[in-house]
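Dear colleague,

Please find below the structure that I am handing over to you, together with its sequence. My findings follow directly after it.

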Amino acid sequence: MLLTEYNIAWAVYLLGFLVVYRFWAVIVWWLPLRILRQFLKGLFAVVLLTPVASERAAEWLVPAWLNFFYAVVLEQPDVMGRTLFVYALAAIVMVLVLALDSGWARYRRRKS
C-alpha cells in the first residue's frame, strides 16, 4: 500500500518542490522586508502544493494548478471554480500562518 505509483509520484513531486523551493528562497533573499520574503515563499508553496480531489480517479489528490489548467483546456467552469475556491482557502491559511509568524518574530525581538 505504501509503494504505489500514486505515492511514489507524490514523493517525487514533493522532492522536486523542495529543490525548486530552495532556489526560490535564494532568489527572494535579496528583498529588504522579511514579511515580503515570507509572503512570496508562502505564495509559491500555495500555488504548487495545494491539492484538490481528482475528477477522474476516486480518492486521488492532484496538484490544484494542474487540475485548473486541465479544466481551462477542457472548458469546465465548475471544476475551475472549485479549484479557485480551494486556492482561496489555502491562501487564507497562508495569510494566517504569515500573521502568526510575523507576530512571533516581533515577540522574540522584543523579548531579547
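In this predicted model, helix H3 spans residues 64-74, and its buried residues are Ala64, Asn67, Phe68 and Ala71. Viewed down the axis of H3, the buried residues fall within an arc of 100°, so they line one face of the helix. On the other side of H3, Tyr70 and Val73 are exposed. The cover over the buried residues of H3 includes two strands, S1 (51-53) and S2 (61-63), as well as helix H4 (77-111). Following H3 comes glutamate 75, which has a positive phi, near 55°.

Helix H1 (residues 5-28) packs with helix H2 (residues 34-49) at an angle of about 155°, and their axes are 10 Å apart. Because angles over 145 degrees count as roughly antiparallel, H1 is described as roughly antiparallel to H2. The crossing in which H1 passes H2 is right-handed.

On the H1 side, the contact is formed by Tyr13, Leu14, Phe17, Val20, Tyr21, Trp24, Ala25 and Val28. H2 contributes Arg37, Leu40, Lys41, Phe44, Ala45, Leu48 and Leu49. Sorted by class, the contact of H1 with H2 comprises 13 nonpolar residues and two charged residues, with no polar ones.

Yours sincerely

Conventions:
Residues numbered from 1 in each chain as written. Predicted model: local features only at pLDDT ≥ 70, side-chain atom pairs only at ≥ 80, totals over all residues. Heavy atoms only, no water. Axes fitted to C-alpha atoms, helices over the stretch in contact; angles between N-to-C directions. Helix = DSSP H or I, 4+ residues; strand = E, 2+ residues; numbered from the N terminus. Parallel < 35°, antiparallel > 145°, perpendicular 65-115°, else oblique. Left-handed = near helix turned anticlockwise from the far one by under 90°. Contact = heavy atoms within 4.5 Å. Nonpolar A, V, L, I, M, F, W, Y, C, P; charged D, E, K, R; others polar. Buried < 20%, exposed > 50% of the residue type's maximum accessible area, 1.4 Å probe, protein only. Arc of directions from axis to C-beta.
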